[in-house]
There are 2 protein chains.
Amino acid sequence: MNTNQKLYEGKAKILYATDDADIILSVFKDDATAFNAQKRGTIRGKGEVNCAISTHLFRLLEAEGVRTHWIDTPSPTTMRVRTVTIVPLEVVVRNIAAGSLCRQTGLPVGTPLSPPLVEFYYKNDDLGDPLLTSDRIRILNLAAPSQVEQLQTLALQINNILTKFFDQCGITLVDFKLEFGLDGKQSLLLADEISPDTCRLWDQAETDPERRVMDKDRFRHDLGDVEGAYQRVLARVLGAPLRSPSASEV
Amino acid sequence: MNTNQKLYEGKAKILYATDDADIILSVFKDDATAFNAQKRGTIRGKGEVNCAISTHLFRLLEAEGVRTHWIDTPSPTTMRVRTVTIVPLEVVVRNIAAGSLCRQTGLPVGTPLSPPLVEFYYKNDDLGDPLLTSDRIRILNLAAPSQVEQLQTLALQINNILTKFFDQCGITLVDFKLEFGLDGKQSLLLADEISPDTCRLWDQAETDPERRVMDKDRFRHDLGDVEGAYQRVLARVLGAPLRSPSASEV
């Protein structure tokens, strides 16, 4: 028996082995980090909130035909997920300019990006998760060119689904970070989590640039009421219909 | 008369207007900066050395069919150059991994890059000249996609010519930065300078990773004998034949 062997402890989750080599447990923590772990703290209840939001969004994506690592959620902070080999790329989809894109390019926060921008970052804490060009991905051999293309397509497909869903919740999906893994058959599965830790979410009912923030930027920039914002995202996500209505239903 | 109006003073050169709006004077300075001007100093004689090396290399490139802004060199630190609108992209060609590529990606210094890597950086001191992806170039509207393609082609063509030339000098052209400008007809001309300030040059007669350095890295990393290294590059450049021998001449 090997049910509880800790495989890996990350900044926001701990992974445990199960009896089945194809399944691992992902336990969501309240710990929060920002700016490549230079800032550390705790967001009370974050583990449960992010596990519930991620569960809801993984179910939504699966229903829309996107393969994810999610199997089920046996406890409020625990997901059972498929074992995958994580691709060392952070795939970021941006609908509106914010964060490092603005700091690095001088583009004003709030600039709409149409078509959405898909960017790749090297998942490497020691290097500070640097931006990658397609040539750098190739030289570092982080993914095959066909995989990069597939990641780009998947990221845009996921963005379409999530943008519509959050819009129904009265939330603008500004940008978000995805991670993918390869299963035993070398198929790409969406992995990690989708939560206010990994998305920028703006409340459509607010115009004030600080009040509208419903995501980890409240923690990053000390905007206060971090727990409240995360709880409000969860309430909106659970209140919204799971499937977006199709054209014929509208 | 407007012969001496200063148009711009950069980190390494001053530009002056002339009576002819199509021609400006570029005066090379001894001032040296590194790490986005956080480190400042003077390299005695650098202005003359870089003006002479750049003159030689611009002549070589013109002879090989590359259009440059260079017209002539009326004094040891002064070039007459064609007036251009500088494209706000620093085009970097890398034959061997070094510098920021290694710091940002963890790739070991000295890793051969084949084919050579062409990278674009935003020419913007306030932002620290950040790396650009093709999407970011498009979103920031820094150059048209056809211009980016043309810059890539020109950069590789220039790399072919310079790599062969420096090889004849017993010098390995590790990487270098180019700037281009648009003339009145919207044609791209190679601009700025090509010198130990803008190239990484390794002495092929040395294997020691510090002794082989013949470029601004001696200043950046306090390796000493900066002036001597620049002088030796000039001597080798002037000693080498201006045109590389064609296959039939070998």
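Let me start with a definition: two strands pair if DSSP finds at least two bridges between them. Helices (H or I, at least four residues) and strands (E, at least two) are DSSP runs, numbered from the N terminus.

Hello everyone, and a quick word on the source. This is a predicted model, where local features need pLDDT of at least 70, side-chain atom pairs count only at pLDDT 80 or more, and totals for chains, interfaces and linings use all residues. Residues are numbered from 1 along each chain as its sequence is written, chains are lettered from A and ligands numbered from 1 in the order in which they are written, and side-chain values use heavy atoms, with hydrogens and water left out.

Let's look at a sheet in chain A. It is open, has 3 strands in the order S8-S13-S14, and its pairing is antiparallel. At the edges stand S8 (85-86) and S14 (188-190) of chain A, each with a single partner strand, so one side of each has no neighbour in the sheet. Strand S13 (residues 180-182) of chain A pairs with S14(A) over 3 bridges, in the antiparallel sense.

Now the helices. H4(A) lies across S13 and S14 of chain A, at about 30 degrees to S14(A). Angles run from 0 to 180 degrees between N-to-C directions, and axes are lines fitted to C-alpha atoms, for helices over the stretch in contact; contact means heavy atoms within 4.5 Å.

How do H1 and H4 of chain A pack? Helix H1 (residues 46-63) and helix H4 (residues 145-168) of chain A pack at about 120 degrees, with axes 11 Å apart. H1(A) and H4(A) are therefore oblique to each other (under 35 degrees is roughly parallel, over 145 roughly antiparallel, 65 to 115 roughly perpendicular, and the rest oblique). On the H1(A) side the contact is made by A:His56, A:Leu57, A:Leu60 and A:Leu61, and on the H4(A) side by A:Ile158, A:Ile161, A:Leu162, A:Phe165 and A:Phe166.

On to the two chains. A rotation of 180 degrees, with 0.0 Å of shift along its axis, superposes chain A on chain B with an RMSD of 0.0 Å (least squares on C-alpha atoms of residues with pLDDT of at least 70 in both). That is the relation of a two-fold axis. Which residue of chain A comes closest to the rotation axis? A:Thr133, at 2.7 Å by its C-alpha. And 100% of chain A's interface residues are also interface residues in chain B, so the copies meet through the same surface.
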